[in-house]
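Hi,

Here is the structure I said I would pass on. Have a look at it first, and then read my notes below.

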Amino acid sequence: NETQGLNFLQEVIEEDQRTGKHGGRVHTRFPPEPNGYLHIGHAKAIALNFGLANQYGGKCNLRLDDTNPLTEDTDYVESIQRDVRWLGFDWDDRRFFASDYFDRLYAFAEQLISQGQAYVCSLSPEEISAYRGDFTTPGRDSPYRTRSVEENLDLFRRMKAGEFPDSKHTLRAKIDMTSSNPVLRDPPIYRIRHAHHHRTGDTWCIYPLYDFAHCLSDAIEGITHSVCTLEFENRRVLYDWIVNALIKGDRPNQYEFARLNLTYAVMSKRKLLQMVTERLVSGWDDPRMLTISGLRRRGYTPASLRDFARRIGVSKSDSLIDMGVLELSIRDDLNETAPRAMAVLRPLKVVVENYPEGQTEELEVANHPKKAELGTRKVPFMRELYIEADDFQEVPEKGFFRLAPGKEVRLRSAYFIKCEQVIKDAAGNITELRCTYDPATRGGDSPDGRKVKGTLHWVPGNAPVAQVRLYDRLFSVEQPDRDKEKDFKAFINPASLEVVSDARVEPSLAQANPGDRFQFERLGYFCADAVDSKPGAPVFNRTVTLKDSWVK
Ligand code: ATP
Ligand code: MG
Ligand code: MG
């Protein structure tokens, strides 16, 4: 079976190529509205549209779907372009704006009126929806439905000329008020909005609605396969109605796939915008946000997001993807590519009593256990060191194989040390461990074959201080916006960010460049924050833990 392993869109395309539909062409588009930053759901749509074009020798356009002047902005246009490029996709010279088609869309609207297929309706928006009914209530004809072509043309031109206030008149397609599908009950296609548009300024005071603008923009660009999410399924008949009424020859077709839903996340730009404006996060690129810019700042790689899109696949039924799948994608990528390093989040001082005062030796440490090409680095070893406070227990609980009084452990890539004495302050807090080291164990193994059960990460006593940001999921429930009655923001996880301001990192990390990624041994994958980290004053974001911490 030659279609085995293909998703339903690949099947459609291969069938179209067999039958010669669209002359064998494949032309897709990614059509974001520039009213917010792109999120991980968009990454799925980007990978899908650009991926299909690449696979079948076709083209994919980037179209800024900017027909609503109230919510759109050029900042968003910039961020969208940056994010698509960063993901590794290229629209070449095929970046378009729906607003570039305003003249042509207007001409199409006049044509529809002339064909007797659209009319100017003077009901208010509230009346229009009351007359429209819904799936259980039938629609009723607007009293303006029988206006003549001449009157409609005259009114529509005067709408364009700015004679009327917002919502005074609406242009509606004349389809079927008795249709069982409310979408076909004379949908509005143009409305009056006296609003400044980020690209066309004040040229227009009427704007086309999605159902009219989108399919015709597809047709204008020669799109063959117009892929959108499942909510648009019952609008496909309207899409076809409009292109059939106005376009001769090869017409685009709409196909619907399941949008991405992820656990512990909200995915709508409107909700993400609320979190930004209400300052519940630091911005669109807050590393806890599942925006592409947030994921980038968190340390995700473009390859990991493409891999994620591949893993989840494309289907025709909605599902909820476990956040763990996204984390798996970045873990798998960074496991291969991230150099290893050591950092201590909660430093506990260790004094190696038998190590000469004032002496330092440079240990040569491999940057990756399997990839010699990632090279080595120097880590200084000296009499004073830091280990992780919770790698020591004065009275070790059962199964604790790390450091304890009288016990010996390995310091990663260095020596065995043994705890001889615990120093406390007046309040009884442990302030320092006195240890000895075995010079024969340099590199981490004992020539006498002596075994230790624990290997600890550590940093030298002169290790620079760094800020480390530990992130957890932004929401504390799997589906924060499942209950429409409840405010999703009530489920924000109050512990989603922990800032450790006095972590210590091995000296080589002090000069990390913003965006550099590492595995901190035993702690997870981290990247130097692209905004706040500076060479000499490093700030690290934890991208992901080493293991799925959700199955503790
Ligand atoms: P939002 O509700 O988040 O604002 P949207 O669909 O209104 O999303 P658009 O800017 O119109 O946002 O989206 C551009 C493209 O991305 C559309 O083709 C849409 O189908 C797709 N898309 C948006 N969200 C998702 C998602 N969660 N999963 C897959 N594709 C998505
Ligand atoms: Mg949209
Ligand atoms: Mg939207």
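R410 has T455 as its bridge partner in β19. That pairing joins β16 to β19 (residues 455-456) in the parallel sense, over two bridges. Before you go further, keep in mind that this is a predicted model.

On to the other pairing of β16. Strand β17 (residues 416-424) runs antiparallel to β16, and three bridges join the two. One contact to look up there is E408, whose bridge partner in β17 is K418. The hairpin of β16 and β17 has four residues between the strands, and in it S413 takes a positive phi near 60°.

So which way do the side chains of β16 (residues 408-411) go, and are they buried or exposed? E408 and R410 point one way, V409 and L411 point the other way, and all of them are buried. In other words, the two residues whose partners I gave above, E408 with K418 and R410 with T455, point the same way from the strand.

Ligand 1 is surrounded by 15 residues, and the closest are P32, G41, A45, R259 and K269. Sorted by type, the shell has five charged, four polar and six nonpolar residues.

Where does the shell come from? At least two residues each are supplied by α2 (40-55), β8 (225-229) and α9 (269-277). The biggest giver is α2, with four residues.

Cheers

Conventions. Residues numbered from 1 in each chain as written. Chains lettered and ligands numbered in written order. Predicted model: local features only at pLDDT ≥ 70, side-chain atom pairs only at ≥ 80, totals over all residues. Near = placed C-beta within 6 Å. Nonpolar A, V, L, I, M, F, W, Y, C, P; charged D, E, K, R; others polar. Buried ≥ 20, exposed ≤ 12 C-beta atoms within 10 Å, placed from the backbone. Pairing = 2+ DSSP bridges.
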